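Subject: Structure handover

Hi there,

Here is the structure I promised to pass on.

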Amino acid sequence: MCVSRCSTEVTGKGQASGRNRASTSSSIGLPPRRGQCHMPRPVWHFPQPLLSVTAPENRNTLICRYFQNGHKNCLICRDFNSNSNQREQTMKRKPLAPLVLFSTFCTLGVAAEEAEEMAPLVVEGSRIADVSGTQVKSADLAEALFKNMANVSLVRRSGIANDIILRGQKKDNINILVDGAKIYGACPNRMDPPTSHILTNNVEAVEVTEGPYDVENFGTLSGAVKITTREPEAGMHGNFSINVGSWNYWKAAATLSGGSDRIKALVSLSHEESDQYEDGDGNDFVEQMKANNVSPMTRYKAEYEDLKAYEKETFMGKVIFDITENQQLKLSYTANRSDDVLYPSSKMDALYDDSDIWTADYIIRDLGRWSSALELSFYNSKVEHPMSTYYRNSSGPNSANEKISYLESRIQGFRVKNTMEIDAASEVRYGIDTSRRNWDGTYEGFGTNAGITGVKSIDDVDTDNLGVFVEYERDFDNFNLRLGGRYDDTSI
Ligand SMILES: [Cu+2]
């Protein structure tokens with residue numbers, strides 16, 4: 001509603017759309033960007049309540065959660081339906097219906113609060129389960145790790161896309177793997193760290209391995225964060241959730257999964273957006289910049305002071321073929337589309353941030369004495385991150401002197417791994433692992449900055465790696481022994 005209203009207003013000014021603009025260089029005089037036009041933003045002097053309504057798959061329960069000011073004020077975990085027909089009716093309700101139900105049951109919930117506790121994230125040693133059910137923001141896996149792992153610290157850059165520090169080390173010293181696929185962000189300033197390309201509503205579990213004791217993957221120094229995404233199940237399962245939070249945050253997400261014993265598929269979609277967060281004094285981004293004496297040139301232009309902090313859409317699709325009793329093929333695709341992500345602590349904002357991750361895994365089990373499991377894995381990920389001064393005073397009148405830094409990161413990898421069982425308590429794993437990462441960055445300038453067009457910030461850099469690894473593992477009564485080695489040949 002707001003967009004159409006404002007589009008009319010702004011079209012006459014000939015402003016640019018971030019996403020459209022990236023594909024063309026003759027950019028002055030383009031249609032309005034998504035998010036640049038807004039209804040007047042209400043100013044909240046107190047944190048808004050946070051509401052989460054979830055109809056989980058495989059459970060006959062509608063869960064409503066309500067938090068205020070960081071504390072639970074009201075909590076319901078109610079067995080909603082006991083037969084499948086009723087459940088189906090619940091799933092078909094319009095999104096608003098659970099909210100109405102929520103307000104009805106909330107009163108009951110207050111009384112029940114002491115008696116019924118919401119299950120927290122399950123942290124077993126270095127493994128966190130049930131991330132999808134507990135985290136609110138899709139793009140804040142970093143915050144989930146920070147809250148649940150004593151050894152993880154958080155670097156907050158924006159409303160989303162935060163970064164982690166593990167054992168005091170950061171950036172590429174931490175290996176981030178999604179279903180075995182490596183992913184890197186594209187921004188050298190860590191506006192889009194790898195964890196920001198992972199969606200919490202699709203995460204089944206996260207395992208954090210401290211130290212360089214991971215021989216199967218290239219580049220693990222301070223630790224590895226291994227993310228396992230949700231898998232489709234046979235039958236038919238649906239799940240939708242609506243989350244509402246402070247600063248007009250809302251997220252709608254839906255997942256549908258099903259199939260037969262031979263072929264199973266899962267599709268998941270989400271949309272979320274939020275206004276700018278405020279500090280404890282109720283200051284939004286511009287007010288925080290003023291309070292911190294940020295240079296007037298770096299501040300947001302008056303017409304963009306009320307931009308949303310971000311908008312984000314996600315998709316995940318996964319198919320599993322059980323070809324025979326002992327052969328399985330898994331294919332997955334994940335897409336993130338973020339628009340106009342504001343970084344008040346930087347001089348630029350992300351016009352958009354897009355990532356696409358493809359994985360293919362083939363496994364053959366019980367091949368005989370020499371192989372209890374042979375796994376072939378292929379992955380490919382691509383991240384695009386154009387950042388710009390468009391919304392800042394430094395871009396000049398009508399943003400005619402805008403500076404854009406286009407950044408792109410791609411990685412392709414392939415691994416073959418064989419597992420050989422020696423006896424019931426011990427096994428040997430060995431294999432080959434290879435990958436190529438490409439990182440490229442180019443500036444584009446307009447008006448007085450036209451001279452930087454074509455200048456490279458990162459000159460099409462390839463990092464090629466070939467590694468071989470072997471690991472022996474044995475379970476004793478009270479402890480587990482792992483001995484392993486890895487040899488890497490890397491060129492940049
Ligand atoms: Cu950036």
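Which residue in E22 is the bridge partner of Arg 474? In E22, that partner is Leu 481. Helices (H or I, at least four residues) and strands (E, at least two) are DSSP runs, numbered from the N terminus. E21 and E22 (residues 480-491) pair in the antiparallel sense, with 12 bridges; two strands pair if DSSP finds at least two bridges between them. The two strands form a hairpin, and 4 residues lie between them.

Some ground rules before the rest. This is a predicted model, in which local features need pLDDT of at least 70 and side-chain atom pairs count only at pLDDT 80 or more, while totals for chains, interfaces and linings use all residues. Residues are numbered from 1 along each chain as its sequence is written, and side-chain values use heavy atoms, with hydrogens and water left out.

On confidence, pLDDT is the predictor's confidence in each residue, from 0 to 100. Its mean for the protein is 73, and 70% of the residues reach 70 or more. Please mind residues 20-125, where pLDDT stays under 50; the model has 222 contacts beyond four places in sequence for that stretch. Contact here means heavy atoms within 4.5 Å. Residues 1-18 also stay under 50, with 40 such contacts.

Overall, the protein has 7 helices and 22 strands. Of its 492 residues, 49% count as buried (buried is under 20% relative accessible area, exposed over 50%, partly exposed in between, with a 1.4 Å probe and protein chains only).

Now the copper site. The protein donors of the copper ion are Cys 187 (SG), Met 191 (SD), His 385 (NE2) and Met 387 (SD), at 2.2 to 2.4 Å from the ion. Donors are N, O and S atoms within 2.8 Å of the metal (3.2 Å for Na, K and Ca); water is not among the atoms, so sites may look incomplete. Along the chain the donors follow the spacing C-x3-M-x193-H-x1-M. Why is the arrangement tetrahedral? Because the 4 donor atoms subtend angles of 95 to 119° around the copper ion, and four donors count as tetrahedral if all angles lie between 85 and 135 degrees. Cys 187 counts as buried because its relative accessibility is 4%, and Met 191 counts as buried at 1%.

His 271 sits in strand E14 (residues 263-274) and is buried, at 15% relative accessibility. Its side chain and that of Glu 313 are joined by a polar contact of 2.6 Å; such a contact is a pair of N or O atoms within 3.5 Å, where within protein one must be able to donate a hydrogen and the other to accept it, and residues adjacent in sequence count only if both atoms are side-chain atoms. Beyond four places in sequence, the contacts of His 271 include Trp 250 and Lys 312.

Three loop residues complete the list. Asn 449, between strands E20 (426-445) and E21 (456-475), has a side chain that reaches the backbone oxygen of Asn 401 at 2.7 Å. Trp 247 lies in the loop between E12 (235-245) and E13 (249-259), has a positive phi near 55° and is partly exposed at 26% relative accessibility. Asn 293, in the loop between helix H7 (285-291) and strand E15 (310-324), also has phi near 55° and counts as exposed at 67%.

Best wishes

Definitions and conventions. Four donors count as tetrahedral if all angles lie between 85 and 135 degrees; four count as square planar and six as octahedral if opposite donors are over 155 degrees apart and all others between 65 and 115; anything else is irregular.
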